Amino acid sequence: MSEPAGRPRPRRALLVGVAAAVVLGGVGLAVAVPSGGSDDDGRRGAAAVTGGAGGQERKGTAASVSPSAGSSSADSKEKDKGKRKDKGGKGKGEGPASASPTSASPGTGTGTGAGDTGRDAAPASAPLTVDAEPPAWESPCSQRYLIDLPPGRVGPPPLEQDAPGWVAANRAVPSGEQFLKLTVQGKGQETVVVKRLTVRMAAKRAPLAWNDYAMGYPGVGCGGGVPTRFFTVALDAARPGVVPEAGHADFPFKVSESDPEVYYIRADASAYDVSWYLELAWSSGDRTGTLTVDDHGRPFRTSGNNGRPAYEFPLGGEKWVKEGTTQ
């Protein structure tokens with residue numbers, strides 16, 4: 001028995017319906033892609049937002065694109081690949097690897113200031129300043145320097161106020177000990193607590209094999225006053241610390257704009273050539289921070305002088321002579 005003539009018509013109607021659904025699905029996908037970019041751009045936008053501050057993902061148009069992208073046809077994927085190849089190298093869709101969050105490295109600041117919550121903050125935000133004065137001398141005859149030059153090429157000892165230029169010209173390194181004067185002052189009327197002063201080691205090497213030159217002149221009085229805030233640092237120690245001289249007060253201290261503090265520090269070394277910094281911790285109300293104290297952006301440097309050829313400059317003399325030979 002033959003089939004009724006009208007039976008194939010439902011099949012054609014079904015095919016027409018499927019085709020219409022496909023067309024409508026394509027329109028829906030086109031609407032889901034944000035204006036101004038391809039579907040690939042949408043995925044890149046979602047990755048960039050995820051890599052924002054705190055690693056938190058913002059939910060919005062870009063983030064909602066990814067599910068729609070999974071319903072695209074194989075032809076659209078091939079087209080996307082072609083677009084990436086036309087632009088050369090990696091396509092935009094491969095960007096998330098470089099969009100991962102990167103935090104700033106803390107504690108990298110140097111110089112005489114860093115501010116709130118540590119050395120990585122802006123110096124201007126700290127409520128106090130620290131003025132370091134190297135080179136400073138405990139007394140006119142106390143300081144010595146190692147210099148990689150013979151006596152005939154080194155000028156006479158300078159006065160203390162002329163020492164910075166003399167030290168720079170001769171590339172001199174404090175030998176045996178280094179004396180620092182730190183002036184700490186607040187920026188306003190608020191009180192700032194200087195909680196502590198610590199040593200941070202940068203390097204420790206064998207002492208310099210240079211000539212040792214004594215400042216001052218033999219036979220000339222070299223007395224000096226005793227500072228109020230006096231501390232010592234033993235740089236040869238495994239963990240050097242800032243220790244108050246006997247009879248002197250220890251931290252914490254308070255400073256303001258009208259009430260500064262001056263700290264004197266004698267750092268000694270005999271067995272090593274040491275590069276080092278100081279770190280000053282402070283607090284003011286609910287704010288805290290740390291200032292790095294150094295030699296104009298470089299670490300302080302102090303070297304032992306044991307066994308080095310030593311020289312002195314006689315008063316009224318014309319050249320350096322072996323130490324201890326002046327009559």
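The legends below describe several close-up views of one predicted model.

Residues are numbered from 1 along each chain as its sequence is written, and side-chain values use heavy atoms, with hydrogens and water left out. Because the model is predicted, local features need pLDDT of at least 70 and side-chain atom pairs count only at pLDDT 80 or more, whereas totals for chains, interfaces and linings use all residues.

**View 1. The chain as a whole.**
The chain has five helices and 15 strands, where helices (H or I, at least four residues) and strands (E, at least two) are DSSP runs numbered from the N terminus. Of its 327 residues, 35% are buried; here buried means under 20% relative accessible area, exposed means over 50%, and partly exposed lies in between, with a 1.4 Å probe and protein chains only. A contact means heavy atoms within 4.5 Å, and among contacts between residues at least 6 apart in sequence, 76% join residues at least 24 apart.

**View 2. An open sheet of five strands.**
The strands of this open sheet follow the order E3-E2-E6-E14-E15, and their pairing is mixed; two strands count as paired if DSSP finds at least two bridges between them. Strand E3 (173–174) and strand E15 (321–322) stand at the edges with a single partner strand each, so one side of each has no neighbour in the sheet. Strand E2 (residues 144–147) and strand E6 (residues 211–214) run antiparallel and are joined by four bridges, with Tyr145 standing opposite Tyr213 in E6.

Twelve of the twelve residues of E11 are buried. In a regular strand the side chains alternate between the two faces of the sheet. In E11 both faces are covered, with Asp273, Ser275, Tyr277, Glu279, Ala281 and Ser283 buried on one side and Val274, Trp276, Leu278, Leu280, Trp282 and Ser284 buried on the other. E5 pairs with E11 in the antiparallel sense over eleven bridges, and the bridge partner of Val194 in E11 is Trp282. E11 and E12 also run antiparallel, joined by seven bridges, and Trp282 stands opposite Gly289 in E12. These two strands, E11 and E12, form a hairpin with two residues between them, and Gly285 in the turn has a positive phi of about 65°. A further antiparallel partner of E11 is strand E13 (residues 300–303), to which four bridges join it, with Val274 opposite Thr302 in E13.

**View 3. The largest nonpolar core.**
A nonpolar core is a set of buried Ala, Val, Leu, Ile, Met, Phe, Trp, Tyr and Cys residues joined through side-chain atoms within 4.5 Å. The largest one has 30 residues, of which Leu128, Tyr263, Trp276, Leu278 and Leu280 touch the most other members. Strands that each supply at least two residues of this core include E1 (128–132), E4 (177–186), E5 (192–205) and E10 (261–268), while E11 gives the most, with five residues. Apart from this core lies another, of 14 residues, among them Tyr145, Leu149, Ala163 and Val167. Leaving aside neighbours within four places in sequence, Leu278 is in contact with residues including Leu180, Leu197, Val242, Ile265 and Leu291.

**View 4. Val192 in strand E5.**
Val192 lies in strand E5 and, at 0% relative accessibility, counts as buried. Not counting residues up to four places away in sequence, Val192 touches Pro127, Leu128, Phe253, Lys254, Val255, Trp282, Ser283 and Ser284. The C-alpha atoms of Val192 and Gly285 are separated by 8.1 Å, although these residues are 93 residues apart along the chain.

Gln178, found in strand E4, is buried, with a relative accessible area of 6%. Its side chain is joined to that of Thr302 by a polar contact of 2.7 Å; a polar contact is a pair of N or O atoms within 3.5 Å, where within protein one must be able to donate a hydrogen and the other to accept it, and residues adjacent in sequence count only if both atoms are side-chain atoms. Beyond neighbours within four places in sequence, the residues in contact with Gln178 include Pro134, Gln143, Trp276 and Phe300. Gln178 also lines the largest cavity, together with Pro135, Ala136, Trp137, Gln143, Tyr145, Pro174 and Phe179. On a 1 Å grid over the protein atoms alone, a cavity is a set of points where a 1.4 Å probe fits but cannot get out, and lining residues have an atom within 4 Å of a point. About 30 Å³ of space lies in this cavity, the volume being the space filled by probe spheres set on the points, which are joined across faces, edges and corners.

Key
On a 1 Å grid over the protein atoms alone, a cavity is a set of points where a 1.4 Å probe fits but cannot get out, and a pocket is an open set with protein on both sides within 12 Å along at least five of seven lines; lining residues have an atom within 4 Å of a point.
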